[in-house]
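This report goes through one protein model for a reader who works with coordinates.

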Amino acid sequence: MPIPFTARLLLCTALLSALSPVSALACTLWGAAGEDAGGGTLISKNRDWKPDHQQLINLVRPKSGFAYVGLIAQGNADPGLKAGVNEKGLTIVSASSNGPDKLREAQTEMRGVMRTIMASYASVDAVLVDAQALFSQANPNYYLISDRSKLLTVEVGLGGKFTTKLTERGVTSHTNHYTDPALAEFTAFKTAASSGARLARIDALLESAPRPLNAAQFARMSRDQAAGPNNSLWRTGTGKNTQTLASWIVQTPADGALRLHLVIANPGAAEYTKELLLDAAFWQRAAGPLD
């Protein structure tokens, strides 16, 4: 009798735990919705990765679909879109999964989910309608998506499994390990010390912050270094270890223009900050770099 997928996955996980390193762990995601966000939403990502590449901020106009602003990595083994906000007010950020590399590489995965969502979707509800098609073949990963009224957290596992969680009021957060009980076979994966520490810290900061939350508060949270170079929200790293390379914060009001606050800390270059008002005039710009 064939061994069920879940049993095979747990067996492989147990064998690999001693043989295979956990995938590169990176990024802290958090957001707020409803009254906690002043009636709209706030969404934030600290992007952590090895300091082996550069990032740029681009206005992208795909051949078909919506224009979007994207934080794009280039020059390393994992290039591409890392955060985006489109002209319809939909924002997406991602964080890497802690699934063992050998299990991740053993399945056929679809890339480009973030680009597809940016070009094709105007709301969280629309993403939810197509969730099966979007996420069942996606890379193991975590996504946080926002529109003007709600946040959507997506945990993508292996074998076509994923979960979604809506936040229409209050706050939410994610780092680099599975948390949804519906994905029990993946919550068994090893959780890195940094992922656990960062999740606890951002949750504590969100709980203690005065309401309503705003982008300035999120920016201060993003620079938190309470847990040292490797386990803080803003990670300076030691040696060639993972560092925080960018902070991406989008404030989306219930009505009116969105605002993007972006800090880019490219290796070997001076850190810089961009504040963009994403109003009607902004979306008339030509495609290309916004640096």
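Which residues does Glu275 touch, not counting residues up to four places away in sequence? In this predicted model, the residues are Leu260 and His261. With His261 there is also a polar contact of 2.4 Å between the side chains. Arg259 lies 16 residues from Glu275 along the chain, and the C-alpha atoms of the two are separated by 7.2 Å. Glu275 itself is part of strand β13, which spans residues 272-278. Is Glu275 buried or exposed? Its relative accessible area is 56%, so Glu275 counts as exposed, the cut-off being over 50%.

Eight strands form an open sheet with antiparallel pairing, in the order β9-β8-β7-β6-β5-β4-β3-β14.

Buried residues of α3 are Val113, Met114, Ile117, Met118 and Ala119. An α-helix has 3.6 residues a turn, so residues three or four places apart point the same way. The cover over the buried residues of α3 includes the strands β4, β5, β6 and β7, together with the helices α4 (124-129) and α5 (131-135).

**The chain as a whole**

The secondary structure comprises nine helices and 14 strands. Of the contacts with a separation of 6 or more, 60% are between residues 24 or more positions apart.

| Property of the protein | Value |
|---|---|
| Buried share of the 291 residues | 53% |
| Accessible surface | about 12,600 Å² |
| Carbon and sulfur share of the accessible surface | 53% |
| Average pLDDT | 90 |
| Residues with pLDDT of at least 70 | 88% |

**Confidence**

Where is confidence lowest, and where is it highest? Helix α1 (residues 5-16) has the lowest, at a mean of 36, while strand β1 (residues 28-33) has the highest, at 99. The pLDDT is below 50 over residues 1-23, a stretch that has 29 contacts in the model beyond near neighbours in sequence. Where pLDDT is low, the predicted coordinates should not be read in detail.

Conventions:
Residues numbered from 1 in each chain as written. Predicted model: local features only at pLDDT ≥ 70, side-chain atom pairs only at ≥ 80, totals over all residues. Heavy atoms only, no water. Pairing = 2+ DSSP bridges. Helix = DSSP H or I, 4+ residues; strand = E, 2+ residues; numbered from the N terminus. pLDDT = per-residue confidence, 0-100. Contact = heavy atoms within 4.5 Å. Buried < 20%, exposed > 50% of the residue type's maximum accessible area, 1.4 Å probe, protein only. Areas by Shrake-Rupley, 256 points an atom, 1.4 Å probe, with all protein chains shown as cover. Polar contact = N/O pair within 3.5 Å; in protein donor to acceptor, adjacent residues only side chain to side chain.
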